[in-house]
Amino acid sequence: MSMHAAALVEHHGVATGKDMTTWQTLRRGVELSPELRKGIWVTVALAVLSTLGRVLVPFVVQRITDDGILAASGPDTGVVAVYIGVALVGVVVTALSAYFVNVRLFRSSESGLATLRLKAFRHIHDLAMLTQNTERRGSLVSRVTSDVDTISMFVQFGGLMLMINLAQITLATVLMFVYSPLLGLVVWLCFVPLFVIIRKFQGIVGRAYTRVRERVGDMLGAISEAVVGAQAIRAYGVEDRTAERIDAAVEAHRKAAIGAQARSVIAFTSGQLVSGLTTAVVLVVGTVLAARGSLTLGELLAFLFLVNLFTMPVQQATEILNEMQNAVAGWRRVIGIIDTPADVSDPGESGVTLPRGPITVQFTGVGFAYPAGPPVLHDIDLTIAPRSRIAIVGETGSGKSTLAKLLTRLMDPSSGRVLLDGVDLRTVRFSSLRSRVVLVPQEGFLFDGTLLDNIRFGRPQASEDDVRLTLTELGLDAWAATLPLGLATDVGQRGESLSAGERQLVALARAYLADPDLLVLDEATSAVDPSTEVRLQRALDSLTRGRTSIAIAHRLSTAQAADEVIVVDAGRVVERGHHTELVRRGGVYSRLHESWVAQQQAV
Amino acid sequence: MNVPTTSTLREGLAVIGRGIKGQPRWFSLAVLGSIVYGVMTSLTAAAIGYVVDRAVTPAIAARHVTSGQLWFIGGVMSAVVLTMTVGVIGRRLAGGVAMFNLGAMYRRRVTRQYLRLPLSWHHRHPSGQLLSNANADVEATWNIFAPLPMALGVIVMLVFGIVQMVVVDPWLAVVGLTVFPMLFLANVAFQRAMSPRVTHAQQLRADVSEVAHESFEAALIVKSLGREDHEAERFRAVTHELRDANIEVGRTRGRFDPAIEAIPTIGTLAVLFVGTLRVRSGQLSAAEVVQIAYLFSILAFPVRALGWVLAELPRAVVGWNRVSAVLDATGSMAFGERALPAGAASHLQAERLAYAYEIETEDGGADLNPAVVDVTLDVAPGSTVALVGPTGSGKSTLTNLMMRLVDPDTGAVLLDEVDLREVRRGGISDVAALVAQQTFMFDDSVRGNITLGAQHDDQSVWRALHVAQGAGFVEKLSDGLDTHVGERGASLSGGQRQRIALARAVIRQPKLLILDDATSAVDPSVEQAILGRLREASSGTTVLVVAYRMATILLADEVVYLEGGRVVDHGSHEQLLDRCVGYERLVTAYAREAAEREAIAADEEFDDELDEVSR
């Protein structure tokens, strides 16, 4: 990871990479996509060859004119034919090498960018949950799609052309000084203001493109509301308001894009203007020199040709530098996310692999506060015995969900330690941790696919029979049979063909099939009807004998069934014990229970 | 997937035509700039010749240069350069404005469709795809307007060039007339070869975006099940497909680009050869040959702009096809003219409602999955009716039908005796409010999420929050009502989101309030408080509530019990308890469970005592 990484991160969020200079960005970019460098010198050599071919042709044209058509003895067809032959060879060499340059560049740049996409994608998944939540999903998506696409144009042509242009500029400079040092100096003096402008505009254009990329993110966010919030928008008849919000974002993007375009046009045309004016100045100065006899007309015209050889690559380079700022803006965003430290990271090879089997959980002096927030957990000391069924209850905001997230290492505690079989969670390999501990959140996301594939997401090698068995064990087989195609039923986008309760059933089956030693249910059955919930609860009871299960619920039916209830209040564990015992004690739990009973009372 | 390439040119021209129609002024300005640029470019050579003739040669001959001559040289050259620069600025700036205006224009049109089309349409289209339609596809469609003005300027330049050749010498003009069409044909062949490859790559680009979108939405699940490797593998597969497709595009471009570039050069050489012969036979001066050869070399680079436009065409056509699929989508809801009566609580009736979801079968066909079957309901004004039923029994679908988020396949929903389909646009949400099971939060402040842009003072916002039991936590937020909740309310907990959603409904003082398990994420005690407050606040409101919990059900005047999308029974809670087995089992599940557990616990205690006694 880059040394700047830490400095790049603002608060707890994703690094924007804004502070990286262009040079740092390019270096880090090439480092992340080593394919860009692979075989680059062969490509450069081929590119130089094709450039030589391109420069050769105008030279030959000049010679044909001078030695052939204007030959003292009248037009010489033989000489012309020879020169044309030479030029044709140049054309063929240029075409061939240009072909190879193209193919090689596309291969290396697309491979390099694919690698970059994959690295960014993987890293986004590796980022801590809290970091992921600081970014819009659309903005994360753009890091592996459109941001990378803006780079591709530049790495396919721009980078290499820039090198060739520099070579051509150097060559032309040398030739100019050989022909006429004075005129050479004049040309360079004319270009000094341009170099100053280019330098200045690099920053201006760069910032403008960064603004465009940001506006793209805002725009995608606004548009996604019309798509994801389709139901809410219709239910509340706020189509017009949503349209206004989208229009504002679209307009902001349009303005930013035109702003960036205007700045790059200024930068580009200044190159063209300076080139043209330089020709004028050279003609003026050259005429003075020629009138004094220190230059012939032929030499002056030949020099003009050299000026052209100089200004063309300068103009092209100006254009590429503009484009580069666009690419760098995209590159910065991708690098920013890759260089955002994954706070909750996998210890990897050096980590501990825990053997499978009954699991003990321990919290020692655990405290937790969200970034820049007040503490939500204080000094939690807890031991959860293997094979026990625990219910964690407490009011909304008491910190019970936080406990679940620490337990599954979606977050790390601010102080204290969470231990699994006596081993600090932070040192356990993810491969081991994730197979032993599984969290079922309240809103279990389903993928657009069949019921079967969704259930075996946690264990892809499971057979269809395994899945059927799971459903039977959980008492969900009858439900699955009511679906039009059974296991083959497509659940639709985000599982939207199913109801919220049904999605929870799938999420539960999915976690159950994954067969962890510790199952953590965070309000995992909140949308399921009571009789199905009770049935599930019983199934889980009889089946969790070998494993530890921790359920966070505000429906106290779960607590009644648990071996032990842990009551959390204002970030502290205030009571623990069996349901009947806690009811008798007359504390926080008994009050919660009273209101729960009051809800069920009328039976 | 392969668009027939023969039609790409025609379709591409249609896209260009549509764009020109959308931005005629800026586009004309850009073309004008391009023409100025084109004319000035081909005049540069003539200008140099002109000043050399009129000033440089005489000065050298006289071995003395006057300041007038220098001003003349500098003036003519600067005039040409400045005019050309103005042309370039006009071309690029106006072209850019036209392009970005078109993008904004079509993004607005596409998103209007998203807002206009019915919910059922949304269910059929992946959200990742819709996002890419509004963003990448719109961009791909109008990107062609970047090189287009230049290309049109080049055509003017070519005509200008050919005229110059014809004037100078018919034989040289023949060379030009052979080379330029050849150039055009090569570009057409190029575009034909590119079209299917570019289309393919564009499709894969959308696939990559879809996988990333879904995977990042599922980030928490991926993490908690440790499936990062699996997801990375899924992403790798599409990414590598895209890479290979792009390399294929590059290979094709690599084949054509150098050939297209070589053609003008070969033309120059041909001009020189033919020219030499013509000079030898005394029909042409050497200067004229040089002039035409120079013309060829000047035209060589800009002519490639034609190639860029043709290369962009397939992308534009593919983008346009994807955009127009949204713009042309039909099946929008038709609205009537009628307004719903104002005043007292609504009378809600459903008559023999049926609704089935379309489901994709394994062979890609469509099947129907009935969710609501023959449902008839009558909810009296001011009454509260509870909808009870097991998971997946059609309750949420029914609430969607009641709000006309979807239209029934058969049957009708009546609000105050008016068929919902006859109500004017926006008429239903004026009187009715739905708090859905899954709340949606806008990326806005707490206040904005509650008022949704309607005029409500802070006092009424707080009152609504009090009813929803949300005032407490909102007060504690850093900026109170002005706190931004983040995308989809990411900075709030599920229970907090639900309470804001409730406040959103309450503040509108609806005549019909539909609650779809709207308190599933809050504690029982908070739920009790919400229901109590709601009852006080909603005297003039008809309430339809999807509920599992006894406390909620007890608030209802009538209970409707659903199973498999049908109304199995309805009546008072006591009546249903007595005569409806399914209902009884469902609502007493917790109590029965508790009782059984207590019995078992008592048994165990008894056993323990027995053990002790026997010892």
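Colleague: How far apart do the C-alpha centres of domain 1 of chain B and domain 2 of chain B lie?

Modeller: The C-alpha centres of those two domains of chain B are 55 Å apart, and their contact, meaning heavy atoms within 4.5 Å, takes five residues from domain 1 of chain B and six residues from domain 2 of chain B. This is a predicted model, in which local features need pLDDT of at least 70 and side-chain atom pairs count only at pLDDT 80 or more, while totals for chains, interfaces and linings use all residues. Residues are numbered from 1 along each chain as its sequence is written, chains are lettered from A and ligands numbered from 1 in the order in which they are written, and side-chain values use heavy atoms, with hydrogens and water left out.

Colleague: Which residues belong to each domain of chain B, and how is chain A divided?

Modeller: In chain B, domain 1 covers 11-327 and domain 2 covers 348-579, with bounds that come from an automatic or database domain assignment. Chain A has domain 1 at 5-338 and domain 2 made of 361-448 + 507-600, and the C-alpha centres of these two domains of chain A lie 56 Å apart.

Colleague: Moving inside, how many residues are in the largest nonpolar core?

Modeller: That core has 273 residues, and those with the most contacts inside it are Tyr114(B) and Leu398(B). Helix α11 (residues 297-338) of chain A supplies the largest share of this core, 20 residues. A nonpolar core here is a set of buried Ala, Val, Leu, Ile, Met, Phe, Trp, Tyr and Cys residues joined through side-chain atoms within 4.5 Å, where buried means under 20% relative accessible area, exposed over 50% and partly exposed in between, with a 1.4 Å probe and protein chains only. Helices (H or I, at least four residues) and strands (E, at least two) are DSSP runs, numbered from the N terminus.

Colleague: What does Leu398(B) touch?

Modeller: Not counting residues up to four places away in sequence, Leu398(B) touches Leu353(B), Val372(B), Val375(B), Leu377(B), Leu387(B) and Leu562(B). A second, separate core has 41 residues, among them Leu498(A), Ala507(A), Ala218(B) and Leu225(B).

Colleague: Back to α11 of chain A: is Leu300(A) buried or exposed?

Modeller: Leu300(A), which lies in helix α11 of chain A, counts as buried because its relative accessibility is 1%. Beyond residues up to four places away in sequence, Leu300(A) touches several residues, including Leu183(A), Val282(A), Leu295(A) and Val56(B). The C-alpha atoms of Leu300(A) and Thr472(A) are 172 residues apart along the chain and separated by 93 Å.

Colleague: Which way does phi go at Glu417(B) and Leu452(B)?

Modeller: Phi of Glu417(B) is near 65 degrees, a positive value in a residue other than glycine, and phi of Leu452(B), likewise a positive value in a residue other than glycine, is near 50 degrees. Most residues other than glycine have a negative phi.

Colleague: Where do those two sit?

Modeller: Glu417(B) lies in the loop between β4 (410-415) and β5 (418-419) of chain B and is exposed, with a relative accessible area of 51%. Leu452(B) is in the loop between α14 (446-451) and α15 (458-467) of chain B and is buried, with a relative accessible area of 4%.
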